[in-house]
Amino acid sequence: HSFNGTWTDRGVAECVAAFTANYIFADDQSLRRLGLRHTRLGMPGVRPAEGSPLFARHAELTRCMPRFLVVGTQKGGTSTLHYVLRSGWHPRVALNKGEKEVHHFSLDDNHAMGPARYQARWDGEGAQLGTCPGREDKVRGEVSATYLDYPRAAERAFALLPFAKVVLLLREPAARLVSSFNMRWQVEVCGKLTWTRRDCFKGLSSREQVKEHAVGPFQLAAALKVWARCQTPGGDGLDASCLGADFVEKLANRTRRERREIDVCLAALEADAPPLSLGRCLGLPILSQRKLYKRMEDGAYVYRSMYAEHVAVWLSYFPPEQLLVLPSEPLFERATVEAQMSRLAAFLGLDYKETNQEVLFSASPASVTGAPHENGREYVATPPPEMLADLRAWLCPHNARLAGLLLANGLVPSASDLSADLPWAAAPPGGPTIGCEPAPAGAAAPSTRAPPVTTAQPPLPTAANAETRHARDEGPKRRRAKG
C-alpha cells in the first residue's frame, strides 16, 4: 500500500478493515483466554467475561460508577429529565453533584483526568475507585447531551462502563435542529444574557449592554453587527421583525452550507470500500477539543439530527438490551410524562411505586407553562413552512434508516409502536419503507449505506478534500470540452 515510502489513506483503511474483521469475528474461545468476550458478533466491542479475574477486578473498581447514562440528544429534553431525576423522583437515583453535564466521555480534557476524578463527581474530592461506603445501593447516573454524537464518546463509555444502561431521548429531527440553532443564535446576539432570560433579545437596550454581556470577541463582533442592523429608530432596543429576518437568513445559510458538505461526504463514502463513518469524512475525530466543540455546537445542526449515524455507533459497542429509546415530546406533556417515566423506571430496575409523582407535575425554574420543562427559549421567528418542508424532505431517508435500525435491534418492539412513539420515522401502513417526498432539485440523495463496524479508523479525506479530488478529476474533461 505504499509508494515511495508513503502510506495512502485508502491503503491504511484497507489494512485497518482487514485487522478489524479478524478481531471482530474472532472465536470467543480465543478471547476468553484474555478474560474477554464480544458483546455482539460482528461488532468491535468486547468486555470482561463473567467469571474471569478481569471481570472481578473491573467490577470492583467501577462499583461506584454510574449505572446509567442519558446520552442525548441535544435539545431533546435532557434538561427536563435531569430536573426530574435530581428533584427526588426516586429515592434510589443519584445524579452527579454540581453542574448538569459532566462531559467525561465527550471532551478530551475531562476524559484525560481519569476515572477517579469522574467518580469524584458523586463522592467529592479524594474519592477512591470502588469506594463509596453507605451509598452502594444508589443507582447512579448522569445526563450529558454530547455523548450521543461526539466522536469517541460511545467507545470511551463502553471501555469504562460496559454494563451501563444507556438512555436516548429522540426528538423530531427538524424541530431539534431549529431549537439548537435558536439557542446558538441567542448566544450570538445576547451573549451571557442568554442564560438568564429565555427572551434575551428583548432585554438589550443599548450598544453598551451588548458589550457588557459579551462572551468573547467573535460573539461581540457578531452581536454588534446585529445591533447596528436591527436597532429601533430610538436606539433603545432591537426591532423584532429585523431580528426575525436575521434568524431565518442565518438558519437557511448555515443549514444549506452544512447539507452541501454532508452531501459531498455521503457521495464519497458510497464510492469507498470499506464503508467508513460520516463523522470521519467530516473530519470530526481529528479536531482539537476547542475546535470540535465549536464545530459541534455551531456547525453540526443537521449532522446531530441524523440519529441513525449516532445510534449505529452506540449499537456497535452496547448490546440492544442495554439501550432504551424514548421519544422526547411526551416528556413535555402532563398527559404523557408519567408513562414515559414508568418505562424508564422499569429499564433501570426501579420500583415505580417508590417514585414521587408530584415532581413530574411541578414547574421547573425555567418553566413558563407550569410543566417541568427547562431551557424553554422563546423564538424570535418561526422558519417558513417551505424551509421546514425542505429540511424534513432531506432528513426523511435518514429517519427511515433509523426506523430500520430500531426495529431490527428490538429497540422499538413493532411498527405500530414506532408509529406511536416516533411518528416522524414511521413507515406508512402496509408500506415497507417510509414515504419520503422527493428531495429538492440539485440535492444529492442521502446515503443508504450500512453503518460502520468500527470507529477505530485511520484519517480519511475530509469533505473539502473530496470536493478537491472531484474538481481535479473533472478538470481535464472540462478543459478538453472547452477546447
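1. Strand β8 (residues 165–170) and β9 pair in the parallel sense, with five bridges between them; strands count as paired if DSSP finds at least two bridges between them. Within this pairing, L168 stands opposite V325 in β9. Helices (H or I, at least four residues) and strands (E, at least two) are DSSP runs, numbered from the N terminus.

2. This is a predicted model, in which local features need pLDDT of at least 70 and side-chain atom pairs count only at pLDDT 80 or more, while totals for chains, interfaces and linings use all residues. Residues are numbered from 1 along each chain as its sequence is written, and side-chain values use heavy atoms, leaving out hydrogens and water.

3. Five of the five residues of β9 (residues 323–327) are buried, so this strand is largely enclosed by the rest of the structure. Buried means under 20% relative accessible area, exposed over 50%, and partly exposed in between (1.4 Å probe, protein chains only). On one side of β9 the buried residues are L323, V325 and P327, and on the other L324 and L326.

4. The structure holds twelve aromatic pairs. One of them, F105 with Y118, is edge-to-face, at 5.3 Å centre to centre and 70 degrees between the planes. Rings of Phe, Tyr and Trp (its six-membered ring) pair if their centres lie within 6.5 Å; planes under 30 degrees apart count as stacked, over 60 as edge-to-face and the rest as tilted. Both F105 and Y118 are buried.

5. F181, W185, F201, F247 and Y301 form one aromatic cluster.
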